Amino acid sequence: MNDLVKDSLKRGEDYRRLTSLYNELTKSYDQLLSNKEKLLAGSNDETKKLIAQLNDTKTDLQKKEDELKRKQADLADREAKMAELKASLKEREDKVTELQNILTQKDSAVKALKDAVNNALVGFVNNGLSVEQKNGKVYVSMEEQLLFASGSTVVDKRGEEALKKLAVVLENKKDINIMVEGHTDNVPIQGTLSSGA
């Protein structure tokens, strides 16, 4: 865009310089016409020279006019391209601002969820439970000693209490996705299980 601005400024200067030249040539042309009329009474050779000079001046003037028109058209084209580029940049800036607002809202929602989970589980944090926010998600980790005794399938009372408190927080959040992962140790399960389990 800076290059387009510099080029447009240079073309503007060229345009003003050519306009000045055009005015000087027009003045010279008028002077030649005046001289031509004065010298018509003079010698034919001088008249022929003046006519040739006049024709050359007219040709040169026409070339300058054509160049001036071309530069004007080029300048208008560049100004149109620059306006188009500005509009495109504005559109991109608007999209970036919109995306930043969406990300800010998402981060605020994730932080609010983390705070709500932390507040609900405050008695369990650092006692086998951790709440962490990363990559735009909230992670709640419950260690095995909070949920199950090794080799058991029965949820511990303290773990059950933590799960209920977490459920209360999450049931009000209709617009979130929840994923549950579990891991077992290599200790065989003890106790009674039904034969179909």
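User: What puts Lys10 and Asp14 about one turn of the helix apart?

Analyst: Their spacing. Lys10 and Asp14 both lie in helix 1, residues 2–39, and are four residues apart. Note that this is a predicted model.

User: Why is the contact of Lys10 with Asp14 called a salt bridge?

Analyst: The closest N and O atoms of Lys10 and Asp14 are 3.5 Å apart. The rule asks for a Lys or Arg side-chain nitrogen within 4 Å of an Asp or Glu carboxyl oxygen. The pair therefore qualifies as a salt bridge.

User: Is Lys10 buried, partly exposed or exposed, and what makes it so?

Analyst: Lys10 has a relative accessible area of 47%. Buried means under 20%, and exposed means over 50%. Lys10 falls in between, so it is partly exposed.

User: And which class does Asp14 fall in?

Analyst: Asp14 has a relative accessible area of 12%. The limit for buried is under 20%. Asp14 is therefore buried.

User: How do you know that Lys81 forms a salt bridge with Asp77?

Analyst: The closest N and O atoms of Lys81 and Asp77 are 3.6 Å apart. The cut-off is 4 Å, so the pair counts. Both residues lie in helix 2, residues 44–120. They are four residues apart, about one turn of the helix.

User: What makes Glu91 and Lys95 a salt bridge?

Analyst: Their side chains meet at 3.7 Å, N to O. Glu91 and Lys95 both lie in helix 2, four residues apart. Glu91 has 47% relative accessibility and counts as partly exposed.

User: Which residues do salt bridges that share partners join into one network?

Analyst: Asp7, Arg11, Asp74 and Arg78. By the salt-bridge rule, the count comes to 11 salt bridges.

User: Where does Ser8 lie, and is Ser8 buried or exposed?

Analyst: Ser8 lies in helix 1. Its relative accessibility is 11%. Buried means under 20%, so Ser8 is buried. Beyond residues up to four places away in sequence, Ser8 touches Leu75, Arg78 and Met82.

User: Why is Leu9 called exposed?

Analyst: Leu9 has a relative accessible area of 55%. Exposed means over 50%, so Leu9 passes. Leu9 lies in helix 1.

User: Which residues make the nonpolar surface patch?

Analyst: Met1, Val5, Leu9 and Leu89 make it. The patch covers about 330 Å². Patch members need over 30% relative accessible area. Leu9, at 55%, therefore clears that limit.

User: How many residues has the largest nonpolar core?

Analyst: It has 12 residues, including Leu113, Leu121, Phe124, Val131, Met142 and Leu170. Helix 2, strand 1 (129–134) and helix 4 (157–171) each supply at least two residues of this core. Helix 4 gives the most, with four residues.

User: What is Leu121 in contact with, leaving aside its neighbours within four places in sequence?

Analyst: Leu129, Val140, Ala162, Lys165 and Leu166.

User: What pattern does the chain follow along the sequence?

Analyst: α-α-β-β-α-α. There are four helices and two strands. Buried residues make up 18% of the 197 residues.

User: Which elements have the lowest and the highest mean pLDDT?

Analyst: Helix 3, residues 144–147, has the lowest, 68. Helix 2 has the highest, 88. The mean for the chain is 80, and 84% of its residues reach 70 or more. Where pLDDT is low, the predicted coordinates should not be read in detail.

Notes. Residues numbered from 1 in each chain as written. Heavy atoms only, no water. Buried < 20%, exposed > 50% of the residue type's maximum accessible area, 1.4 Å probe, protein only. Patch = residues over 30% accessible without salt bridge, like charges linked within 9 Å, V, L, I, M, F, W, Y side chains within 5 Å. Areas by Shrake-Rupley, 256 points an atom, 1.4 Å probe, with all protein chains shown as cover. pLDDT = per-residue confidence, 0-100. Core = buried A, V, L, I, M, F, W, Y, C linked by side-chain atoms within 4.5 Å. Contact = heavy atoms within 4.5 Å.
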